[in-house]
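Me: I'd like to go through this structure with some questions. Can you take them one at a time?

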Amino acid sequence: MNLDGRKYVILVFFILVGSIYLIRLFFMQVVDDSWKLRAQEIAEKRKEITPPRGIVFDRHNKKVVTNRSYYNLMMKEEDIHDFDTVAFAKLVGWTKQEVKDRFYQIKKGEGKYRNPNTGKLQANYQKQRPYPFIKELTIDEITRIAPHLEKFPGFYEDLTSMRSYPYSGGANIFGYLNEVSKEEIEEDRFYRPGDQIGRAGIERYYEKQLRGQKGIKYIVTSALNNAIESYAGGKYDTLAEQGPALHLGLDIQLQVYGEKLMQNKRGCIVAIEPKTGEILALVSAPSFDPNILVGRRNIGKNYPKLLLDEGKPLYPRPLAAEYPPGSIFKLLQSLIGLQEGVITPESGFPCTKSMVGCHNHPNANNLPDGIKNSCNPYFYYVMRRIIQQGKKRSIFADAELGLNIWYDYIMSFGLGSEFETDVTGMRSGLIPNSAYYDKWYGHNTWAFSTIRSISIGQGEVKVTPLQMANIAAIIANKGWYYTPHFVRSIGNKGPLPQFKVVHKTKIDSQNFEPIIEGMRRVCYEPGGTGKRAVVEGVTVCGKTGTAQNPHGEDHSVFLAFAPMENPKIAIAVFIENAGFGGVWAAPTAGLMIDKYIHRKVKDKAKEQMIVSANLLNVKARPMKKK
Amino acid sequence: MRRDDSLTQHVDWWLLSIVVIMLGMGIANVYSAAYDPDHPNIFDFSQKYGKQIMWVGISIFLGFLVFLIDSDIYRKFAIPIYLFCFSLLVVVLFTPPINGARAWLGIGTMGIQPAEFMKIGTAIVLSRYISTVNVKNQNVQTVFIALAIVMVPMVMILLQPDAGTFVVFTSFFFVLYREGITFDPLVLKLVNAIPGVRFKETWVGSHFIPILFYVVFLSIVTLLMSGNKYEFTFMRGVLIPGFYGVITVITLIALIAYLILRWISSRRDQRRVLLIIVTGWFLSVAVSTTVNFSFSSLAPHQKDRIELVLGLRKDDDGKDYNRNRAMAAVGSGGLFGKGYKKASVASVRSNHVPESETDFIFCPLAEEWGFMGSLVIVGLFMGMLFRIIVIAERQRSTFNRVYAYCVAMIVFYHFAVNIGMNIGLAPVIGIPLPFFSYGGSSLMSFSMLLFILLKLDSQRRDVLF
């Protein structure tokens, strides 16, 4: 037997294993990239850093929406040992059972994710991961708890940032934040469970700007998910970027003042700067303090209350409540009449009261007086001239033509359609045209007499308070407007482009003169319906309205702008079921104008009268929703 | 003294250099793998790198001792050394278990593993025994003694239990094969017990290593193919998968081999050929059947490991956690690696790869130095193995040669199994990588193995038998 050959067997065996290993290593390390990906999956984690949301400023650079630090009490089960449930419950002010329940809740519910294979939701609780045990503790609460936490290993505090509203007003404007839903996470990859998202108002409309840019940190993690160091020395990390500041046209002091005036009332105030279309105030009464909807705990506690409140504080009245405009509509009829040439500023009509009722006043011999007296028959005649121009032989065909001419004018005022603007929850109101009446009555079956109630802003016509205020702004500008909007500048980039577009009405500017004169007389001449709106030091132009409605007492409406010569504020006040427009709405508008222009209200008696008035129970009925 | 002068002249500098380089790299690597930023000093003895330096120091000291002592002592005192190591193996079984095994003989916080030193004892005794055997005149008794020298310690080690070292002891069978210790007497006794059979020699007993390879190969094929066992469609769609497929293939190969051999062989050899093929076929079927049906009787965790290595199952984050993490660490190294102390998967701090400073020490190495590092490590081990074989083959004395082969095979086993499991080619068996893994016992035992070899080699000319 030749044993010498056997050394070669062994040598070949060595070489074979050595080369197989080298080939394998070459493939694993150099050729095949899948192990590198696997290693990244194992050891490198992306950590997202959510920046604080953008700050919101008002027109005087006051912070109206800002961020405040809160604390989460975090827990990491792995580190918990010798846990004294009773002592812990005592520390956080819970019952023993509540503490146990919360543990159970976290283990069952936190970190749920949808299994891509089965499509089912799976709990992904891990002992090594930190979870917020109690969310959103205030600084006071945490300073009480934190010193004792060393007795409870596995628990620690973690800083988070949440919204705060220093002025306690404008809840309906700013909206609120809430945790994102699963659907939103699936829709937008930006969000992760637990992130906040704007739920209404500006927070919602400017969500993409306010949320900012998340920072991404690549870190090397251990098997227990602890960060060890930043990956590649932080070369690929990006910084979190706070969203840009939003500068609003809003005057927060005016807003808060308006909310104060409107307490114990239902209705709204909308104020616009005519020159820019910036909304100065948007009061929706009843209102609430936006701070009560900050954080999960508060939302859970207060949101249902607000939802069930019979005053419907969550309903965006200035944007969505469609009211009959009442007498303020007469201003538009006058403008259309003049533009169409069917009346002149000197036209006079008798107060016949035969077709429509009226109050007692002398006959108006010219247009400004017709406006001053708010004479219903006067505008009945004006409207009849617009609708029945006699261009067609058939009265029905004539009315159809006339109504559509009228409709085109009205639409150019931005009525009957939603503004493309930065508020959410808006409705369009309603302006009827021939198609509308054809649907109701049938083609060629209706004429002016059928639809006459629209001449005084009753009947089918519906307008939102925002649209009313915009009418005031259009009159102040003599024929044009910018879409009413909140944000005058995102960061320092100016407003959204659509707010720089001038919308022109179909009325020539000289036709506004007699209307403005009429509005002045409303406030300053004997027999004027809006004398309570007068403000010392400025000329106020206004128009009262008293909108009849099927829900009870008439709505009190007032529309105004001031000063007459160089309008700085256009305003609409709408107080539900408060009766005649001159009584409640006009003085409220006056106070708002005074506050805005002079920054201080001199007429304390008037202020006191409005603030203390409780108009809630004047035949209170549930508000109509279209 | 002539001998002392001859030490520097006759020591094998190649092998010594490789050992020293490995010791140095080993320290550097443990320092990286177990690095703790709170204890940056490499000589911090509270840390593993500090301790490793201490162990290296002790190992070098032991090496000097070995160099000072006359090499004849090992042959002379082979049996007492063996018995001393064996007694430690007995004593260790009465210690309290650590991590489920009674493998550690503690002296304070320092512990040694007697099984590591038993390798030296066994190598020495086996060398001495084989040097006394006349290869041409073997009987059942020689086989039994050789088997006993190797297998009695194996049983003791299995009692600890220490599967890794147990496997390493099978390396001695390669030495037996190399030295021509044949199992033929044993096999003949069994085969000739069958009535009517009279063999003077069998092929099986003397060529057991190639046969072992064939058996391992056949077992792997059987396990791979019997995944969907007992499926059998013959007439419609002739595919016969599963275990029966293996049997079918074996039979077909046997038939073809028979036809070819009958055609090329002379008439006189016809019966011999038929006999070899029938025996081969019968043994193959027996092995295949045994593997197939005994596999299910393995312990569940052993079954899992084999299935995972063969790729029959995937369980990356469960049972295959260690292997998967180790492979990710190795694979992520790329061509040049992530740089020294930059391992993100295999560092002790990240702890993705468990035991990354001991059994999985190759991971941080391959991750930090990339394929280039792997090449150096594999190259060093290959160089060491070749050098040992060269040394073995130049010895005049059988004792020295057998001892050298023992060292070669032990080092090779550790190298192959350890790196094999790091790159997913071997099941996870916990044995250290010589000179690299953290741990005193392994370091000391390997140093002594090699220093004894170096000493024996340096004195090879003095030996007369």
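Me: What is the area buried between chain B and chain A?

Reply: This is a predicted model, so the figure is computed from its atoms. The size of an interface is often given as the accessible area lost when the parts come together. Carbon and sulfur atoms give 75% of the buried area here. For chain B and chain A, that area is about 3,800 Å².

Me: How many residues does each chain put into the contact?

Reply: Take the two sides in turn. Chain A gives 35 residues to the contact. From chain B come 52 residues.

Me: Which helix gives the largest share of the side of chain B that touches chain A?

Reply: Four helices of chain B each supply at least two residues of that side: α9 (171-178), α16 (321-331), α17 (362-393) and α18 (398-422). The largest share is 12 residues. That share comes from α17(B).

Me: How many nonpolar, polar and charged residues are on the side of chain B that touches chain A?

Reply: Let's sort that side by class. Charged residues number 7 and polar ones 16. The nonpolar residues come to 29.

Me: What is the volume of the largest cavity?

Reply: Searching the whole structure turns up 3 cavities of 30 Å³ or more. The lining of the largest cavity includes B:Ser32, B:Tyr35, B:Arg349 and B:Glu368. By class, that lining has 3 nonpolar, 2 polar and 3 charged residues. The space in the largest cavity is about 50 Å³.

Me: And how many charged residues line the second largest cavity?

Reply: That cavity has a volume of about 40 Å³. Among the residues lining it are A:Arg163, A:Tyr165, A:Leu293 and A:Gly295. The lining has 5 nonpolar and 2 polar residues, and the number of charged ones is 1.

Me: Where in chain A is A:Pro286?

Reply: The peptide bond leading from A:Ala285 to A:Pro286 is cis, with omega near 0 degrees. As for its place, A:Pro286 sits in the loop between β14 (278-285) and α11 (295-308) of chain A.

Me: Is the peptide bond from B:Gln160 to B:Pro161 cis or trans?

Reply: B:Pro161 belongs to the loop between α7 (140-159) and α8 (163-169) of chain B. Omega for the bond from B:Gln160 to B:Pro161 is near -5 degrees, and the bond is cis.

Me: Is phi of A:Ser374 positive or negative?

Reply: A:Ser374 is in the loop between α14 (367-373) and α15 (376-387) of chain A. This residue is not a glycine, and its phi is near 50 degrees, which is positive.

Terms used: Residues numbered from 1 in each chain as written. Chains lettered and ligands numbered in written order. Predicted model: local features only at pLDDT ≥ 70, side-chain atom pairs only at ≥ 80, totals over all residues. Heavy atoms only, no water. Contact = heavy atoms within 4.5 Å. Buried area = accessible area lost by both parts, 1.4 Å probe. Nonpolar A, V, L, I, M, F, W, Y, C, P; charged D, E, K, R; others polar. 1 Å grid on protein atoms, 1.4 Å probe; cavity = no way out; pocket = protein on both sides within 12 Å on 5 of 7 lines; lining within 4 Å. Points joined across faces, edges and corners; volume = space filled by probe spheres on them.
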